[in-house]
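Me: Please take a close look at one helix in this model. I would like to know what it packs against and how its two sides differ.

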Amino acid sequence: MKQNIVSPQAMIVGEGAYAVNELHLSIEDASEQNLFIYRYAAGAQFNVSRKLQNNVICGLVALTEDPSSPGDMMLAPNATLINKGVIDIHFKELYAAHIRNAQRCGDAYQVDALRGYAMAAGANSVLINEGVINVYMDHDADAETTMYCCAMWAEADSMLVNKGEIHFYGNGSWQALVRGVGGVADHLHVVNEGLITVDVERAFQTRVLHTAGMYGSLWNKGRIEVRVAGRVMTMGSVTGTQMLNDGEIYVTSLATLIEGKIPYLFNFPPMATGMYEHFRPGALLPSPIVNRGVIKVHLIGSKASGPDAIAFGFYYQMENKDNGETPVRFVSNEGTVEVTQEGPVNYVTGELGVNMQLKEDNPVKLKIGTWKTHSRDFSQTHDLFVCQSACFDLSELNLILEDGGVRPDVSELVYQLPVALHRGDTCIISK
């Protein structure tokens, strides 16, 4: 890596560009040379008729003019971006400028969120990090502005690969969202072969390898270390995304109950998980979720956690009622999953959790293949397969007890929360 030349300006290229950064891009100044305006139609959850505006600070990006919004820019497609140097993104001045502009302009100033992209491009692009990306969430810790803190971001049909290092640092804020490598579009393929760390005091939500689109894949072959307060979905996706962990995932949850002020985020209790799928009912065929590496999640509870903090190795949550025949999901643990806790109460934890933060009966259908774990009295520990509403197909379960022991009856492996049992939520075990 050539780190001897420090540049305070972003490297901005256009559609179809091939660009390699070998410099040290240190982006602190939220000036026109480092900033672009992104406007998009508001979803129903925002309850506004105008377009939303994001001010975006950037490092190595592909941009083009937005044909639907004259004067604005959008992420440009068909780009290949490679970082072999260092990219630093700081949020301190971006947020400070945002506050100054809001005070000066009053109601005329309508900026809905701030974003930072270390690397970003539009559809059909390739992003590769072989260097170092540092995202400094060094803004005001009491900020109530939505901030998306993104290392590598791309749109549909793109490939994103981290072969180097990505780090998130700082105090953060309760309305900030950590986004490591991914995006919200379909057909995104994300691979981590390097090191990604998150050492942030607070963030509403943390997703490291992620997609909110369908038909993609998330593959961790490297090492991910997370220590943060807030909701943690380390590898997170929606239906149709294949997730595979062949590397190491270490999560420390500084569990804190927070109020979500972002319109489309909810006031769920604290949660942390290694692999996560969130979806709505439908007939789309889901992809398997498989762990062949290491997942270790540790929940650190306190009075600030409230009584309902949770932590799991794998987690599934289905929103809304199932009005059709939602397909069965497949999950397998062929590696190591360990979930531990400390704090003033005994929190609900387990190797796999389903619908733990819903108050309605939305049973997820799950088929479990191989599952490696250590021997214990599952009927007492209640920490293997935990749910509020679920249908578990254990007919082909290959339970591997690493330290020996007598194979239990499979009905002992599933624990339904008493509150869900008393509500009459569905919990079916096929064996």
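Reply: Start with the packing. The buried residues of helix 1 pack against strand 5 (35-41), strand 6 (51-65), strand 10 (113-121) and strand 13 (146-154). Bear in mind that this is a predicted model.

Now the helix itself. Helix 1 spans residues 92-105, 14 residues in total. From first C-alpha to last, helix 1 reaches 20 Å, close to the 20 Å expected at 1.5 Å a residue.

Next, the buried side. Leu 94, Tyr 95, Ala 97 and His 98 are buried in helix 1. These residues sit on the same side of helix 1 because they cover an arc of only 160 degrees around the axis.

Then the other face. Turned away from the buried side, it carries the exposed residues Lys 92, Gln 103 and Arg 104.

The end of the helix comes next. Cys 105 is partly exposed, with a relative accessible area of 36%. Gly 106 follows helix 1, and its phi is positive, near 65 degrees.

A cysteine raises the matter of disulfides. A disulfide is a covalent bond between the sulfur atoms of two cysteines. With a cut-off of 2.5 Å between sulfur atoms, the count comes to zero disulfides. Cys 58 is in no disulfide: the nearest cysteine sulfur, that of Cys 150, is 12 Å away. Cys 58 is buried, with a relative accessible area of 0%.

Terms used. Residues are numbered from 1 along each chain as its sequence is written. This is a predicted model: local features need pLDDT of at least 70, side-chain atom pairs count only at pLDDT 80 or more; totals for chains, interfaces and linings use all residues. Side-chain values use heavy atoms; hydrogens and water are left out. Helices (H or I, at least four residues) and strands (E, at least two) are DSSP runs, numbered from the N terminus. The expected span of a helix is 1.5 Å times one less than its number of residues. Buried means under 20% relative accessible area, exposed over 50%, partly exposed in between (1.4 Å probe, protein chains only). The arc is that of the directions from the helix axis to the C-beta atoms. Contact means heavy atoms within 4.5 Å.
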